[in-house]
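Trainee: I have just been handed this one and have never looked at it before. Could you put it up and take me through it?

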Amino acid sequence: MDLRSPFVVSIVDLPRQEGSVRHQSYVFETPEDFGVELLRVVPGSALKANLMFQSVSEGVLIQGTVDVTLEGRCARCLTELHDDAHETVAELIFYPESAKALQDEGDEEADDLPLIEDDHIDLEPILRDSIVLSMPFTPLCEEDCEGLCQECGERWNELPDDHTHEFLDPRFDGLAALAAELENKGNHA
Ligand SMILES: [Zn+2]
Ligand SMILES: [Zn+2]
């Protein structure tokens with residue numbers, strides 16, 4: 001855990017007695033990588049978190065909300081997207097000895113549990129998961145976005161229903177070449 005990270009917070013003033021509660025609000029600067037391929041929290045924008053820390057027997061339960069500003073592209077037509085997101089946070093952070101006890105019981109998932117280290121909790125992975133895991137794999141500009149016309153690249157939702165492209169029959173290419181050839185011969189006759 002990097003204590004210089006702004007996301008690493010101290011819980012030293014939270015009594016370990018079960019049921020003890022602390023409320024805390026934060027405004028973080030969003031890092032670069034809070035997102036998926038087509039959608040992310042605007043880097044550098046304000047990431048607001050309202051959290052409640054509650055002592056429980058295994059560690060500290062964190063519950064609350066997080067508000068962010070999203071940017072991205074529609075998966076079908078690539079139109080730029082801008083949106084606000086409001087997500088809930090609910091995560092149990094374990095005392096190292098609680099995680100150790102679970103490991104000793106053979107709980108394989110206990111290896112990856114978020115841990116309290118020296119009275120500190122790293123909020124970054126907790127907030128990242130609550131935001132990123134709620135993101136759609138295929139963000140859309142509109143529910144019924146029909147994507148782009150393959151020929152001209154315009155958005156189908158903005159094109160008339162009868163939009164089409166006319167193509168010359170490739171056989172005309174041959175005739176045009178023949179005509180040019182005949183004309184050439186004629187000029188040299
Ligand atoms: Zn779209
Ligand atoms: Zn078109």
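Mentor: Let us begin with α2, which is largely enclosed by the rest of the structure, because 8 of its 10 residues are buried. Helices (H or I, at least four residues) and strands (E, at least two) are DSSP runs, numbered from the N terminus. Buried stands for under 20% relative accessible area, exposed for over 50%, and partly exposed for what lies in between, with a 1.4 Å probe and protein chains only. Please keep in mind that this is a predicted model, in which local features need pLDDT of at least 70 and side-chain atom pairs count only at pLDDT 80 or more, while totals for chains, interfaces and linings use all residues. Side-chain values use heavy atoms, without hydrogens and water; residues are numbered from 1 along each chain as its sequence is written, and chains are lettered from A and ligands numbered from 1 in the order in which they are written.

Trainee: OK, so which residues of α2 are buried?

Mentor: They are Leu123, Glu124, Ile126, Leu127, Arg128, Ser130, Ile131 and Val132, so charged side chains such as those of Glu124 and Arg128 are among the buried ones; for the charges, Lys and Arg count as positive and Asp and Glu as negative, with His and the chain ends not counted.

Trainee: How buried is Glu124, and where is it?

Mentor: Glu124 belongs to helix α2, which covers residues 123–132, and its relative accessible area of 19% is why it counts as buried.

Trainee: What does the side chain of Glu124 join in a polar contact?

Mentor: The side chain of Glu124 makes a polar contact of 2.6 Å with that of Arg128. A polar contact is a pair of N or O atoms within 3.5 Å; within protein, one must be able to donate a hydrogen and the other to accept it, and residues adjacent in sequence count only if both atoms are side-chain atoms. An α-helix has 3.6 residues a turn, so residues three or four places apart point the same way.

Trainee: And what happens at the start of α2?

Mentor: There, the backbone nitrogen of Glu124 has a side-chain oxygen of Asp122 within 3.1 Å.

Trainee: Switching topic, how many salt bridges does a search of the whole structure find?

Mentor: The search finds 10 salt bridges, each being a side-chain nitrogen of Lys or Arg within 4 Å of a carboxyl oxygen of Asp or Glu. One of them joins the side chains of Asp33 and Arg128, at 3.4 Å from N to O. Asp33 sits in the loop between β2 (21–29) and β3 (39–41) and Arg128 in helix α2, so this pair ties together parts that are 95 residues apart in sequence. Asp33 is partly exposed, at 46% relative accessibility.

Trainee: Which residues are linked in a network of salt bridges?

Mentor: Glu32, Arg40 and Glu71 form such a network, in which the side chains of Glu32 and Arg40 meet at 3.9 Å, N to O. Glu32 is exposed, with a relative accessible area of 58%, whereas Arg40 is partly exposed at 33%.

Trainee: What about the side chains of Arg4 and Asp2?

Mentor: These two also meet in a salt bridge, at 3.2 Å from N to O, with Arg4 exposed at a relative accessible area of 74% and Asp2 partly exposed at 37%.

Trainee: Then Ser5, is that buried or exposed?

Mentor: Ser5 counts as buried, at 15% relative accessibility, and it lies in the segment before β1 (8–10). A polar atom of the Ser5 side chain is 3.1 Å from the backbone nitrogen of Phe7.

Trainee: Which residues have a positive phi without being a glycine?

Mentor: Leu78 is one, with a phi of about 65°; its place is the loop between β5 and β6 (80–94), and it is partly exposed, with a relative accessible area of 45%. Asp118 is another, with a phi of about 50°; it lies in the loop between α1 and β7 and counts as exposed at 72% relative accessibility.
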